[in-house]
Amino acid sequence: MAQKPKVDPHVGRLGYLQALVSEFQETESQDAKEQVLANLANFAYDPSNYQYLRQLQVLDLFLDSLSEENETLVEFAIGGLCNLCADKANKEHILQAGGIPLIINCLSSPNEETVLSAVTTLMYLSPSGPGSHPELTALPVVQCMLRFSLSANTRLRNLAQIFLEDVCSPSQVAEAHRWGVHSALGIPLPKD
């Protein structure tokens, strides 16, 4: 396990978060990276940290980590983004940085928590009203949500149903049904 960053207790919240970011960037240990990213994702839950996390470019660190082969890093990164994207400024940053395709890729993860966080993040990123980000409701995404809505996993099934009802138009859902639920073959259901 990684040790706690060596931080003067008087440096405050920003200094502590900076130490975490520095440790993530400098360490070669995968375990340490995982622990630090988990800590950053937990700090992303608190709105009083949003400004500091933007300042330290943690949103970009999370987005970059979505492309890692290490499933644990991806899980913590999407969890951090999920925690951050309820904030308007964070949401805009994620959208402007091209985060939607990276988040959509998380739907094919074998890790249940990664998939749940990805679905939730996509819901948070969706605009209320007519959307300017059509990739959120592209046919493969809607087909994927239809498949997830049939899952034996209650949490996944419920989230997918909410996505279909709140994010998609009835015509988008109908079109996905017409094309068939099974055409989203590249996106398997996560393992329970």
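**A tour of the salt bridges**

Of the chain's 192 residues, 48% count as buried (under 20% relative accessible area; exposed is over 50%, partly exposed in between, with a 1.4 Å probe and protein chains only). This is a predicted model, in which local features need pLDDT of at least 70 and side-chain atom pairs count only at pLDDT 80 or more, while totals for chains, interfaces and linings use all residues. Residues are numbered from 1 along each chain as its sequence is written, and side-chain values use heavy atoms, with hydrogens and water left out.

Start with a cartoon view. The chain has 11 helices and zero strands (DSSP runs numbered from the N terminus: H or I of at least four residues for helices, E of at least two for strands).

Next, turn to the salt bridges, of which there are four (a side-chain nitrogen of Lys or Arg within 4 Å of a carboxyl oxygen of Asp or Glu).

Select R13 and D46: their closest N and O atoms are 3.4 Å apart. R13 sits in helix α1 (residues 12–26) and D46 in the loop between α2 and α3, 33 residues apart. R13 is partly exposed at 39% relative accessibility, and D46 is partly exposed at 31%.

Then select R54 and D87, a salt bridge of 3.0 Å, N to O. R54 belongs to helix α3 and D87 to the loop between α5 and α6, so the pair ties together parts 33 residues apart in sequence.

Finish at E112 and R155, which meet at 2.8 Å, N to O. Helix α8 (residues 112–125) holds E112, and helix α10 (residues 154–166) holds R155. E112 is buried at 17%, whereas R155 is partly exposed at 44%.
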